[in-house]
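Hello,

Here is the structure I promised to pass on. Please have a look at it first, and then read on for what turned up.

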Amino acid sequence: MAASSSASASPLLLPTGPRRASPSRAWLRGGGGASSSRALGSDAPCCCKAAAGGSAAQCGAADGFVISSGSSTRRGLLGVALGASALGLAALDAVAAGLPPEEKPKLCDAACESELENVPMVTTKSGLQYKDIKVGEGPSPPVGFQVAANYVAMVPNGQIFDSSLEKGQPYIFRVGSGQVIQGLDEGILSMKVGGLRRLYIPGQLAFPKGLTSAPGRPRVPPSSPVVFDVNLLYIPGLDDE
């Protein structure tokens with residue numbers, strides 16, 4: 001999604017998915033793009049290699065740290081790096097151990113989910129389906145206008161893979177201009193300001209190339225269905241008139 005300068009970009013909403021991470025950061029990606037052997041390969045900081053079984057002496061040489069030297073600054077930096085790596089690996093271990101994930105903010109809570117079962121489903125010609133949790137009272141956005149919206153994007157089992165709530169600000173983009181996936185574009189165009197809607201987006205209107213997984217984010221397979229909760233907040237061009 002290509003947002004205006006007033007909002008941070010969210011490449012996950014682009015139809016083509018996010019850009020690939022640069023090689024120097026490829027080891028950080030917990031899934032999708034890199035295997036475990038590559039994740040601790042030449043791109044990984046040596047502290048991670050040490051945690052995976054390499055010796056401290058080997059890592060000291062590889063990273064240019066002479067552990068036996070009198071450089072307290074270098075030893076201090078290496079200690080900080082090792083500590084940060086240990087915290088990261090501990091977080092990954094917690095996920096692997098099946099501990100409950102941290103609760104993420106949602107637009108539709110448990111009570112909302114219960115009420116949603118009685119809301120009629122609307123199906124459009126494209127195959128998009130939606131349920132209006134709350135019908136807005138403001139105007140609908142004309143094609144090409146900017147809109148400000150909060151969203152929570154999920155895979156069908158409810159796992160969240162992107163959310164403006166976690167970023168702490170609404171997302172602003174030009175609706176009907178292909179700046180987001182087709183299902184989101186279509187779903188917002190028929191909303192009214194103040195409305196809250198759940199979009200059931202079929203694979204052909206979602207991410208053709210899919211999205212890789214990452215720590216705290218599930219993988220989205222290519223052309224697979226996704227679910228978006230969307231709250232249309234305002235339309236800058238109309239509200240300013």
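Of the 241 residues in the chain, 35% are buried, where buried means under 20% relative accessible area, exposed means over 50%, and partly exposed is in between (1.4 Å probe, protein chains only). Please keep in mind that this is a predicted model, in which local features need pLDDT of at least 70 and side-chain atom pairs count only at pLDDT 80 or more, while totals for chains, interfaces and linings use all residues. Residues are numbered from 1 along each chain as its sequence is written, and side-chain values use heavy atoms, with hydrogens and water left out.

The chain has eight helices and seven strands; these are DSSP runs numbered from the N terminus (helices: H or I, at least four residues; strands: E, at least two). Among contacts (heavy atoms within 4.5 Å) with a separation of 6 or more, 66% are between residues 24 or more positions apart.

Now to the inside. The largest nonpolar core holds 30 residues, and Phe161, Leu184, Ile188, Ile201, Phe228 and Val230 touch the most other members. Such a core is a set of buried Ala, Val, Leu, Ile, Met, Phe, Trp, Tyr and Cys residues joined through side-chain atoms within 4.5 Å. Two or more residues each come from strand 3 (146–154), strand 5 (171–174), helix 7 (182–189), strand 6 (196–201) and strand 7 (226–234). Setting aside neighbours within four places in sequence, Ile188 is in contact with Pro141, Val147, Phe173, Val175, Val230 and Leu232.

Beyond residues up to four places away in sequence, asparagine 231 touches Leu107, Ala148, Ala149, Asn150, Gly194, Gly195 and Leu196.

There is one disulfide by the rule used here, namely a pair of cysteine sulfur atoms within 2.5 Å. The bond joins cysteine 108 to cysteine 112, with S to S at 1.9 Å, and both cysteines are buried. The torsion about their S-S bond is about -100°, so the disulfide is left-handed.

Most residues other than glycine have a negative phi. Serine 223, although not a glycine, has a positive phi of about 50°. With 43% relative accessibility, serine 223 counts as partly exposed.

Best wishes
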